Amino acid sequence: MTPPDDLETILARLHHAAAEGQHLGAVASLRIAGLLGLDALTIDMVTGAGILDLVWCDPADGPAPELDNLQYTLGDGPTLEAARVDYTVFEPDLTTTDQARWPLFLPAAMRSSARAVIAAPLRVQGGISGALTGYRATPGTMTPSQFRDFHRVRQALLPLLLQSVQSLLVSDSGGGAGLRRYREVVEQAAGFLAGALAIPPDQALARLRAHAFHHDRSLTDVARDTLSHRLRLDDHS
């Protein structure tokens, strides 16, 4: 059995991928979370339409996509805060976090395995282009070395994120040449709804979120139903 890579090997692979002009899709198989003392790790990227889209998670079959989607559906949480205000967010114990900070996300997170979270903005070319978020199933602070390593990984990811942004901009399909986008359908639905109702895209997204929240549904499912005309979110919805 091949032993897992250590952090220095992971960083070297990230630097090598960046030097070759690759995007995040090229490092989708790397296992990084455990090396940072975390149980899950995500990367969200701001798309051209202003949608914060999940594009990478470790492990792929872990709790991270659900936690990320909860934040996006509810409209608050550590990932969104880090991307919005441009500073690192760290809560070592979600059970004692002030409810006013994330009034919608925290109750939902308590039904998951997450008990600690760290989220940091990903800034490229002078602007916020995404966020790196880590989750842990046990409460407690990170050690100084874990903090340093988390930010070393964040810095190593920035060139790959920049390539991902550029890949999306030039991709005819919108898929970024192999870059996985978890919420592409939400962006499409927000654009469709904005055109149909003659409203700004952010208002269209707010309608999708509100319907998903009030009907306890996945935002992705609401988006799919909107695009297939099974759901109409007009003024009376």
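## Sheet

Two strands pair if DSSP finds at least two bridges between them. In this predicted model, five strands form an open sheet. Their order is E2-E1-E5-E4-E3, and the pairing is antiparallel. Strand E2 (52–58) and strand E3 sit at the edges. Each of these two pairs on one side only. On average, neighbouring strands of the sheet are turned by 15 degrees against each other, direction ignored.

One pairing can be followed down to residues. Strand E1 (residues 40–46) runs antiparallel to strand E5 (residues 127–136), with six bridges between them. Ala40 has Tyr135 of E5 as its bridge partner.

## Aromatic pairs

A pair of aromatic rings is described by the distance of the centres and the angle of the planes. How many aromatic pairs does the structure hold? There are two.

Phe90 belongs to strand E3 (residues 89–91), whereas Phe147 belongs to helix H5 (residues 144–170). The pair therefore ties together parts that are 57 residues apart in sequence. E3 is also an edge strand of the sheet.

Trp102 and Phe105 are both buried.

## Helix crossing

Helix H2 (residues 64–74) meets helix H7 (residues 201–214). Their axes come within 8 Å and cross at roughly 115 degrees. H2 is therefore roughly perpendicular to H7.

Which residues make the contact? H2 supplies Tyr72, Thr73 and Leu74. H7 supplies Leu205, Arg209, Ala212 and Phe213.

## Charge over a ring

Two of the contact residues, Tyr72 of H2 and Arg209 of H7, have a further relation. Where does the charged end of Arg209 sit? The charged end lies over the ring of Tyr72, 4.5 Å from the ring centre.

Key
Residues numbered from 1 in each chain as written. Predicted model: local features only at pLDDT ≥ 70, side-chain atom pairs only at ≥ 80, totals over all residues. Heavy atoms only, no water. Phe/Tyr/Trp six-rings, centres within 6.5 Å; stacked < 30°, edge-to-face > 60°. Helix = DSSP H or I, 4+ residues; strand = E, 2+ residues; numbered from the N terminus. Buried < 20%, exposed > 50% of the residue type's maximum accessible area, 1.4 Å probe, protein only. Lys NZ or Arg CZ within 6 Å of the ring centre and 35° of its normal. Axes fitted to C-alpha atoms, helices over the stretch in contact; angles between N-to-C directions. Parallel < 35°, antiparallel > 145°, perpendicular 65-115°, else oblique. Contact = heavy atoms within 4.5 Å.
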